[in-house]
Amino acid sequence: DVDIQTLGEELGVRHIVAGSVRKQGDELRITAQLVRTDNGYQSWSRSFDGSIDRVFDFQEQIARDIASALEVTLSPADLGRLAPALTRSRTAYDAFLQGRSMARRFGAAEKIRATELLEQAVSIDPGFALAWAELARTEMFVPVSNPDLPVEPHVNRAREAVSRALAIDPELAMGHFAQGLIQEFELDYAAAMQSFATAHRQEPRNPFLAIRYGYYLALLGHSEVGAELMEQGLRLDPTDAAGIGNLGTLQLAGGDFDEAERLLRRSYDLGFSPIGSLLASLLAARGEQEEAFRVWREVGEEIPGRFLAEFDTPEGWELLGQALLGDDQEIAARVVEAFTDYFADPDARANSYRLHTLVQLGQPGEAMRLMLERPYPINAGFVFSTWSDVLGFPEMRRHPDFPRFAEQIGLVEAWDLYGWPRSCRRLPRLSEEAPSFECD
């Protein structure tokens with residue numbers, strides 16, 4: 001129930017596809033309309049009736065009819081099939097759709113339930129390549145949402161799933177994206193970047209992949225081209241809460257606090273709970289302490305376990321907030337001591353939240369050391385913040401350990417492939433111990 005003209009202006013499009021799906025038993029009625037956004041006129045409308053087993057045929061026919069109504073000339077590649085049949089199993093397709101939807105939520109239980117549904121899809125149809133790829137991607141996020149779970153079993157399942165996906169379809173874009181997430185965990189950012197680039201090249205009009213590829217280009221220090229790709233993707237999918245949060249993080253890194261706050265709030269309002277802690281830090285940096293603590297306390301109920309167990313109580317969460325958002329050095333020292341004790345345990349997990357906290361508390365060298373010694377899935381956010389000019393991260397890229405850190409995770413190799421960031425420059429290598437580059 002939206003105003004078509006307003007929606008057209010927001011999205012920058014001339015036409016909207018609207019419609020409905022009704023299901024009774026195994027019978028479907030799909031109604032679709034192509035609506036002009038300038039005047040609300042229906043350029044085309046049609047209903048499709050038949051068995052649910054024909055759902056892919058319906059998708060194909062709708063796509064072709066809309067292309068015809070728009071007088072679109074199809075490329076030779078598109079002439080084959082516009083809406084490829086992912087599987088011929090209705091049951092596998094249902095499980096896949098439910099699992100993918102569940103995987104896009106951010107709760108711990110939802111991620112586990114998503115893997116169960118996606119496993120159901122591939123057990124019904126072992127040739128369902130996209131379901132294997134989505135399973136691999138989701139497995140990488142399970143330990144992030146459930147920090148008490150062991151990491152290796154989920155990473156190993158992700159490796160197996162992505163191997164199955166790419167064996168079925170070597171050109172599967174989401175398969176290459178999931179492969180990149182595994183390579184990121186393995187601290188091979190050069191290989192990961194090539195996988196993300198391949199995924200985007202295979203499906204350049206996929207907004208999810210455009211946003212993520214832009215994010216990883218920004219991670220390399222190429223902020224402008226990264227932001228442009230992310231904005232292109234978000235114009236196609238303005239509801240990608242994580243993507244909006246990533247763009248907000250990029251704007252914060254560049255010092256545009258107003259735009260960063262707008263984007264971070266939008267991401268948080270759309271349900272991307274993890275971005276709330278960064279929003280609180282931004283508000284505190286702007287001197288809005290009362291609002292910063294309001295957001296911080298709200299977030300504490302939504303992302304338990306991401307920091308340390310002792311901070312999961314209301315009192316502990318308040319203490320952590322005082323350390324990160326306030327300026328009491330004694331409290332900050334107490335929190336640093338708690339993190340030091342935690343990481344003295346060989347089984348302690350160095351996730352992005354904990355590494356970020358160490359940098360904000362003035363421990364960038366320790367944070368880099370821990371990431372190298374204790375790899376954890378989806379820690380790209382920590383590396384991404386290298387380019388931030390706020391929250392303590394300028395000290396990280398200027399730290400004497402940063403050149404070695406960048407070399408060991410493949411950043412230097414990736415820079416050689418994709419171009420060096422403007423804020424860093426190579427140095428003559430006078431000895432093995434000497435840094436190979438420096439950053440502003």
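Trainee: Hi! Starting with strand S2, residues 27-36: is it enclosed or open, and how many of its residues are buried?
Mentor: Hi! This is a predicted model, and in it 7 of the 10 residues of S2 are buried, so the strand is largely enclosed by the rest of the structure.

Trainee: Nice. Which way do S2 and strand S1 run, and how many bridges join them?
Mentor: They run antiparallel, with 10 bridges joining S1 (residues 15-24) to S2.

Trainee: OK, other neighbour now. How many bridges join S2 to strand S3?
Mentor: There are 9 bridges between S2 and S3 (residues 42-51), and this pair runs antiparallel too. Here you can look at Ile 30, which stands opposite Phe 48 in S3.

Trainee: How many residues lie between S2 and S3 in their hairpin?
Mentor: That hairpin has 5 residues between its strands. Gly 40 is in the turn, with a positive phi of about 75°.

Trainee: Where do side chains point along a regular strand, in general?
Mentor: In a regular strand they alternate between the two faces of the sheet.

Trainee: Which of its residues are buried?
Mentor: His 154, Val 155, Ala 158, Ala 161, Val 162, Ala 165 and Leu 166 are buried in H7. They cover an arc of only 125° around the axis, which puts them on the same side of the helix.

Trainee: So what covers the buried residues of H7?
Mentor: The cover includes helix H6 (129-145) and helix H8 (173-185).

Trainee: Zooming out, how many helices and strands are in the chain?
Mentor: The chain has 23 helices and 5 strands. Its radius of gyration is 23 Å, close to the 22 Å that the globule rule gives for 440 residues, so the chain is as compact as a globular protein of that length.

Trainee: And what about burial and surface across the chain?
Mentor: Of the 440 residues, 52% count as buried. The chain exposes about 20700 Å², and carbon and sulfur atoms supply 48% of that area.

Definitions and conventions:
Residues are numbered from 1 along each chain as its sequence is written. This is a predicted model: local features need pLDDT of at least 70, side-chain atom pairs count only at pLDDT 80 or more; totals for chains, interfaces and linings use all residues. Side-chain values use heavy atoms; hydrogens and water are left out. Buried means under 20% relative accessible area, exposed over 50%, partly exposed in between (1.4 Å probe, protein chains only). Helices (H or I, at least four residues) and strands (E, at least two) are DSSP runs, numbered from the N terminus. The arc is that of the directions from the helix axis to the C-beta atoms. Contact means heavy atoms within 4.5 Å. The radius of gyration is taken over C-alpha atoms; the globule rule is 2.2 Å times the number of residues to the power 0.38. Accessible areas come from the Shrake-Rupley method with a 1.4 Å probe; for residues, only the protein chains shown count as cover. Two strands pair if DSSP finds at least two bridges between them.
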